[in-house]
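This report walks through selected charged pairs and the strand arrangement of one model. Please keep the sequence and the structure in view while reading.

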Amino acid sequence: MRLHADVESRSHRQSRSASTPRAVAPPRTETTGPADARTIAALQRTAGNAAVARALRGPGDAPVQRAPRRSDSTDSVDSPALRAEVTFDREKKVLWDRVNEVHALSQNPGFRKAVAAFLEAVHADVRLAAGGETRTTEADHGVVDAIITGLQHPHVLGHRLQYRWYVRNQRNEGFHESLAARAQEAASHGSVWSKLGAAEPIERAQVGRAVVLESSVQGYLFNGLLFGLPNWSASPTLQALWKQLSQTYSRGLEGWVDAHVLEGRDDTSVLATIEWPELRQRIGRGVEGMNVVVYRPVRDPDRGVHDLEPVDMYQVRSDEDFAALPAVPGDQAWRDRQTAVDREQKTRLTDEVEPRETALDQLADSLEQLAATHGIAKEMFRFRLSETPANTPHATMDA
């Protein structure tokens with residue numbers, strides 16, 4: 001979820017992480033600027049699962065696996081207030097189901113109490129909005145702080161670890177003893193994004209050991225949940241929570257951070273207003289810099305949707321570097337294009353990226369069960385990379 005324009009975009013996702021193995025970076029220059037054709041080609045060759053899947057699938061084939069569409073139980077409800085209540089109850093259950101999957105959180109009374117208080121505060125705003133009120137309740141910062149405290153417990157490290165990885169491995173022997181090392185590794189593969197949705201960075205993350213806010217423990221818990229509100233700003237408590245989630249996630253990253261942006265810099269985005277300022281403060285103190293990969297949306301005439309084509313790369317280590325990034329057009333045509341891309345990427349996330357990860361989890365479970373019947377240790381069948389290099393700078397090249 002993003003604050004300003006980005007938060008509402010993220011908040012509509014139904015759910016929502018280890019960068020792709022990197023090719024050797026091209027020679028680095030001292031200036032920030034666009035990459036030449038050779039560098040762009042290299043990036044495209046390592047663009048991750050998305051490009052590979054599209055190339056193998058072909059324009060007319062179905063995705064690897066499609067998630068069933070969930071019918072909206074509010075469709076037959078005429079009253080806006082009743083629709084909001086039905087949605088709140090449904091998404092409240094989704095949140096508690098996600099919390100209960102993480103044993104360290106489900107067994108933490110303080111965290112559960114904070115989540116319950118958070119839901120009460122948001123519910124009050126839902127009722128106000130459904131009744132046509134423009135006023136809202138005051139943001140409950142104490143509840144938000146308590147939630148963040150629980151998420152950052154040493155047995156959770158929710159700002160640095162993938163939710164799916166955590167849930168899958170939490171019963172393994174020695175799990176808690178290994179968390180700090182795994183979190184350190186994930187933090188060196190961090191990604192942020194602006195205006196193009198989380199599908200691209202999350203899909204890259206799935207083939208390695210990276211983390212993206214929306215796929216982290218703390219981001220996944222709340223991702224896609226508006227609780228019946230018309231938008232994120234209708235609840236100051238929900239807005240305050242996502243600001244804290246973005247800040248703490250950014251503070252946990254190390255080394256070179258990858259940023260995936262649609263057509264350039266948007267000064268109203270969370271990347272510009274929260275994530276980059278947090279990273280900038282730690283340049284030279286844990287963070288080396290930010291690789292900004294600029295994508296251009298290219299409409300596929302056969303499928304009628306946009307493919308995201310990486311066209312430029314920049315190294316950012318100062319405010320001057322950030323200000324030198326190309327700015328998005330910002331006109332109505334761009335906003336319409338960005339809205340379409342965002343909608344398409346939500347569909348891609350729920351229909352392709354997440355089902356593919358679920359299918360891999362199911363396959364791994366099946367192999368472990370089969371191994372158990374033959375007395376083979378389940379560790380023999382874990383899907384993992386033997387080595388995942390940390391993010392490295394995407395240097396520019398002279399022609």
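Arg251 and Glu278 join their side chains in a salt bridge, with an N to O distance of 3.0 Å; the term stands for a side-chain nitrogen of Lys or Arg within 4 Å of a carboxyl oxygen of Asp or Glu. This pair connects distant parts of the chain, since Arg251 belongs to helix 12 (residues 236-251) and Glu278 to helix 13 (residues 270-280), 27 residues apart. Helices (H or I, at least four residues) and strands (E, at least two) are DSSP runs, numbered from the N terminus.

The two partners can also be described by their accessibility, where buried means under 20% relative accessible area, exposed over 50%, and partly exposed in between (1.4 Å probe, protein chains only). Arg251 is partly exposed at 41%, whereas Glu278, at 10%, counts as buried.

## How the model was read

The model is predicted, so local features need pLDDT of at least 70 and side-chain atom pairs count only at pLDDT 80 or more, while totals for chains, interfaces and linings use all residues. Residues are numbered from 1 along each chain as its sequence is written, and side-chain values use heavy atoms, with hydrogens and water left out.

## Other salt bridges

Across the whole structure, the search finds 13 salt bridges. One of them joins the side chains of Glu133 and Arg135 at 3.4 Å, N to O; here Glu133 is partly exposed, with a relative accessible area of 39%, and Arg135 is exposed at 52%.

Another salt bridge brings together the side chains of Glu309 and Arg296, at 2.5 Å from N to O. Because Glu309 lies in strand 5 (residues 306-316) and Arg296 in strand 4 (residues 287-299), this pair ties together parts that are 13 residues apart in sequence. Both are partly exposed, Glu309 with a relative accessibility of 25% and Arg296 with 42%.

Which order do the five strands of the open sheet follow? They are arranged as 2-1-3-4-5, with mixed pairing, and two strands are taken to pair if DSSP finds at least two bridges between them. Strand 2 (211-212) and strand 5 are the edge strands, each of them pairing on one side only.

Strand 4 and strand 5, which hold the partners Arg296 and Glu309, pair in the antiparallel sense over ten bridges. Within this part of the sheet, Tyr295 has Pro310 in strand 5 as its bridge partner.
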